[in-house]
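I opened this entry to keep track of what I looked up, in the order I looked it up.

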Amino acid sequence: MSHAPQSALPVGHYAYDDVDRTFLKQRVAQFRDQVERRISGALTEDEFKPLRLMNGLYLQLHAYMLRVAIPYGVLSSSQMRALAQIAQRYDRDYGHFTTRQNIQFNWIKLEETPDILGLLADADMHAIQTSGNCIRNVTADQFAGAAADEVLDPRVYAEILRQWSTLHPEFTFLPRKFKIAISGSSQDRVAARFHDIGLMAREGENGRPVFEVYVGGGLGRTPVVGVKLRDDLPEEDLIAYLEAILRVYNEYGRRDNMYKARIKILVQALGVDGFRDRVNAEFSAMDKARYKLPETIVEAIRSRFGVPDFEEAGNGPEKLVQQRKADRAFDFWVQTNTHKHKQAGYASVTISCKPAGGIPGDVTSAQMNLLADLADQLSFGELRITHLQNVVLGHVRQDKLYDLWQVLEQNGLGTANVGFITDIIACPGLDYCALANARSIPIAQKLSERFASPDLQREIGPLRLNISGCINACGHHHAGHIGILGVDKRGQEAFQITLGGAADQAEVSIGQIIGSAMSEDETVDAIARIIDTYLTVRTAGESFIETCRRVGTTSFKDAAYATA
Amino acid sequence: MPLLENGQLKDDNWQSVADGAALPSGDILVPLSRLAEGLGRNNEGRLGVVLQSGDSVDALRQALPRLDCVQLIFPIFRDGRPFTQARALREHLQFKGEIRVGGHVLPDQYEFLLRCGVSAVLLREDSDLAVWQKAHDAFTVAYQPSVLEEQPEGFALRRRLF
Ligand code: HEM
Ligand code: SF4
């Protein structure tokens with residue numbers, strides 16, 4: 001039996017209409033023209049660069065890289081198939097899911113890019129503003145619309161912000177890139193405080209939402225935890241207030257030094273009160289009627305989202321209990337890779353893109369097609385990409401989990417490691433990236449093999465291990481309980497270890513470097529010793545990060561640098 | 001330099017006054033530092049001010065009713081501050097005169113400029129007008145309000161572009 005969407009609207013994301021499609025076609029035509037002007041020489045590379053970046057096209061070490069937007073991480077099965085087709089036809093048969101819920105293709109030819117964008121447009125997709133000094137893809141909670149603890153669906157607001165920021169006339173040449181994340185629950189699953197703007201929604205008194213607004217968070221070479229700017233921003237002021245923040249940033253953000261150009265530096269320079277004063281001055285001076293977001297618009301956008309047509313739970317939950325009892329490996333997978341659903345008889349499933357020894361976030365076109373089929377059969381045709389580089393099926397019947405798990409197992413996607421030490425975030429690193437100091441992928445693979453044993457991982461418990469190939473921190477190493485940072489040590493690739501970072505719901509902190517850099521193999525061994533130390537000193541039920549906070553880093557540091 | 005206004009190339013009749021030079025008669029554009037001097041002229045022509053991208057438009061608040069033109073400068077196309085300056089001139093200071101931009105501007109920025117309230121662009125001598133026209137015609141819809149009185153169209157935040 002199929003769970004394919006009943007209505008014409010795609011479940012979980014905004015349905016394009018003819019106007020949106022015309023817009024995308026115009027955008028493709030514009031880019032085709034820009035590519036021609038570049039090839040003819042009418043545009044210099046310096047002039048072309050921001051134009052291609054605004055279409056997600058980077059020039060990397062070996063080829064162009066194309067970053068495709070997956071707004072709030074949600075896509076339909078047919079869109080996933082379009083990505084598979086691009087991987088197969090224009091890349092080397094795979095793609096890479098990123099921590100900003102997008103997908104990157106690493107082996108792209110400039111001349112073919114307009115055709116790829118055309119193919120994407122046919123699937124209601126694009127690469128607009130996935131790069132460049134503009135407002136980037138707005139990210140949201142991967143369990144949106146499904147989580148039992150959700151207050152409201154953040155995707156509706158992420159879509160409103162996506163539309164509002166698309167080719168925004170004033171904010172397309174900002175001092176630096178600008179990232180917004182939005183969470184629909186008080187459980188922060190989007191790392192809101194590591195974004196330029198982080199929004200946390202909750203229900204307001206009149207039944208309409210209000211937002212806590214955080215500003216000035218970020219990773220990169222200067223990691224900063226965002227500060228709270230507003231506690232209770234009403235829905236109708238959402239756009240006006242963001243306009244005000246961006247106006248202040250566009251006017252005062254530094255442009256003399258790209259390393260000091262992010263909004264976090266401006267917030268630090270003015271102080272949070274000084275910054276807030278300017279934003280409020282701008283906010284009170286602006287024409288409110290023009291920028292108001294009325295309830296009717298929110299509801300109009302919401303009405304373009306398909307909603308799943310859930311069935312009765314029946315005896316699904318009991319069946320699941322039986323199946324878990326009968327199969328220990330399945331039971332482990334259910335424990336780690338499923339999340340509580342608000343609808344009785346359903347669960348959200350996280351499919352790990354991190355098999356033992358694999359490359360975090362890399363998915364082949366065959367796997368993409370399989371995921372699309374599974375979404376059609378089991379989850380209303382909807383898929384989500386998480387900021388931890390995994391894929392989520394949002395709404396799976398509990399009595400289908402066993403079948404699903406078996407298919408995943410057969411296709412290398414059944415790893416039961418979500419939230420564990422091998423659920424590693426890693427950036428592309430020196431294998432692809434022109435800015436890298438070191439390769440992130442091989443060390444991720446070695447660590448993933450080292451800790452591959454399911455029993456060992458369960459013994460270690462929740463642990464976030466993040467790897468970046470350089471100080472730009474695309475792999476979120478600052479936010480890892482254990483972070484690994486690639487550095488250049490006299491011309492050699494080397495790695496520093498950080499401890500104590502977190503972008504968890506309860507606490508946000510930045511990891512501290514514990515000592516000098518080591519080689520790849522030394523680093524892997526040092527991490528194994530850190531884990532051994534943790535297993536020895538932890539108290540019952542204490543997670544790695546809790547132990548780290550309780551005992552500090554000294555004993556871990558001693559362990560890391562102990563030579564046997 | 002040719003001036004692009006409403007899709008047409010026009011002669012530019014404004015004279016830009018260099019830093020140390022005496023103020024001529026006729027329509028002149030002065031740097032912000034010489035605004036008072038410019039205002040001191042007697043009916044010798046219209047007055048405009050050239051703002052650098054780091055200047056605050058607020059400095060024009062008093063003088064604005066007596067100005068006919070504000071010229072904004074892009075030192076490089078990536079410096080997006082003139083977009084905010086133009087929008088603020090229209091939205092906060094209700095400036096109704098000409099806002100023109102000079103310096104390093106790309107045709108691909110033309111529509112953004114217009115939607116921020118810019119009325120004319122100083123083009124490089126070798127500019128291809130057709131490219132600018134094409135940039136203006138590239139899109140028929142926008143997804144956010146601007147200071148132009150564009151009509152909301154159909155759905156949500158959309159505006160029809162002309
Ligand atoms: C391979 C091409 C890439 C290049 C050239 C690149 C470049 C950069 C640079 C220069 C920064 C620092 C910006 C700043 O601090 O102002 C940065 C930050 C970041 N990038 Fe990348 N990146 C790449 C790939 C990725 C990938 C694959 C991901 C996701 C897995 C990613 C996600 C991020 C994130 C989350 C940050 C830090 C958060 C923040 O903005 O503060 N990037 N990137
Ligand atoms: S962290 Fe550095 S090496 Fe890794 S993708 Fe970002 S810029 Fe490249």
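Predicted model: local features only at pLDDT ≥ 70, side-chain atom pairs only at ≥ 80, totals over all residues.

A:Gln457 belongs to helix 15 of chain A, residues 454–460. I also checked A:Gln457 against A:Ala42, which is 415 residues apart from it along the chain; their C-alpha atoms are separated by 56 Å.

Next I looked at helix 5 of chain A, residues 154–165. After helix 5 comes A:Leu167, with a positive phi near 50°.

I then turned to helix 2 of chain B, residues 81–91. Eleven of its eleven residues are buried, and therefore this helix too is largely enclosed by the rest of the structure. Among the buried residues I listed B:Arg81, B:Phe83, B:Arg87, B:Leu89 and B:Glu91.

For the ligands, I started with the iron atom of ligand 1. Which protein atom is its donor? I found a single one, the SG of A:Cys474, 2.2 Å away. A:Cys474 sits in the loop between strand 17 (465–468) and strand 18 (482–489) of chain A.

A:Cys474 turned up again in the surroundings of ligand 2. That shell also holds A:Cys427, A:Cys433 and A:Cys470, and its other members include A:Pro428, A:Leu435, A:Ser468 and A:Asn472. I sorted the shell by residue class: eight are nonpolar, four are polar and none is charged.

I checked the record for chain A. UniProt, in an unreviewed entry, places "domain: Nitrite/sulphite reductase 4Fe-4S" at residues 131–283 and 423–558. For the span 131–283 I noted 31% helix and 18% strand, with the end C-alpha atoms 28 Å apart.

Last, I noted the confidence values. Chain B has a mean pLDDT of 92, and 100% of its residues reach 70 or more. For the complex, the predictor gives an ipTM of 0.96 and a pTM of 0.91.

Notes. Residues numbered from 1 in each chain as written. Chains lettered and ligands numbered in written order. Heavy atoms only, no water. pLDDT = per-residue confidence, 0-100. UniProt positions renumbered as here; feature names shortened; annotations may be inferred. Helix = DSSP H or I, 4+ residues; strand = E, 2+ residues; numbered from the N terminus. Near = heavy atom within 4 Å. Nonpolar A, V, L, I, M, F, W, Y, C, P; charged D, E, K, R; others polar. Donors = N, O, S within 2.8 Å, 3.2 Å for Na, K, Ca; no water. Expected span 1.5 Å × (residues − 1). Buried < 20%, exposed > 50% of the residue type's maximum accessible area, 1.4 Å probe, protein only.
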